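Hello,

Here is the structure I promised to pass on. My notes follow below it.

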Amino acid sequence: MNYEQLLNQAYEKVKVTRECCRFEIPRVSGHHEGTKTIITNFAQIASGIRRPQGHLLKFISKELASLGEISGDRIILSRKLASKMINEKIERYVNTFVLCSKCKKPDTELQEEGAKLFLKCLACGERKEVHRI
Ligand SMILES: [Zn+2]
């Protein structure tokens with residue numbers, strides 16, 4: 001590897017490790033079909049906050065008292081809901097299950113330990129028990 005390549009590699013590393021701007025919570029987009037609500041970018045939202053679709057859906061459907069079903073990249077909720085309400089629930093989910101309570105960074109992961117669930121921060125090392133859905 002020559003000097004220039006080394007330099008490029010170093011730049012790449014800087015780019016990856018550089019801290020990003022504020023964490024943006026993705027907004028839902030979707031529509032109503034009869035009495036149902038379809039969210040078309042659900043898979044995108046889940047991957048944006050790095051959480052499994054099933055876990056996020058479980059939270060949302062419980063909070064909104066409606067049944068939810070994953071269908072490809074979309075979910076179908078059994079009630080007619082305003083997207084504002086769904087966005088609020090996703091925000092609540094992110095605050096509880098994604099953002100570190102100490103440093104507020106999103107670099108976290110959920111860890112199961114027996115019957116307990118913990119939110120572990122990869123940035124500052126904080127580990128906090130969170131409730132199971
Ligand atoms: Zn932290």
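**What is in the chain**

The chain has four helices and seven strands. Helices (H or I, at least four residues) and strands (E, at least two) are DSSP runs, numbered from the N terminus. Starting at the N terminus, the order is α-β-β-α-α-β-β-α-β-β-β.

Two points on reading this. Residue numbers start from 1 along each chain, as its sequence is written. The model is predicted, so local features need pLDDT of at least 70 and side-chain atom pairs count only at pLDDT 80 or more, while totals for chains, interfaces and linings use all residues.

Of the 133 residues in the chain, 15% are buried (20 or more other C-beta atoms within 10 Å of the residue's own, with C-beta atoms placed from the backbone). Take the contacts with a separation of 6 or more: 40% join residues 24 or more positions apart. A contact means C-beta atoms, placed from the backbone, within 7 Å.

Now the sheet. Four strands form an open, antiparallel sheet, ordered S1-S2-S4-S3. Its edge strands are S1 (30-33) and S3 (68-71), each pairing on one side only. From one strand to the next, the twist averages 20 degrees. Pairing requires at least two DSSP bridges between two strands.

S3 pairs with S4 (residues 74-77) over four bridges, in the antiparallel sense. Glu-69 has Ile-76 in S4 as its bridge partner.

Helix H3 (residues 53-63) lies across S3 and S4. H3 runs at about 150 degrees to S3. Axes are lines fitted to C-alpha atoms, for helices over the stretch in contact; angles run from 0 to 180 degrees between N-to-C directions.

Best wishes

Methods: Buried ≥ 20, exposed ≤ 12 C-beta atoms within 10 Å, placed from the backbone. Contact = placed C-beta atoms within 7 Å.
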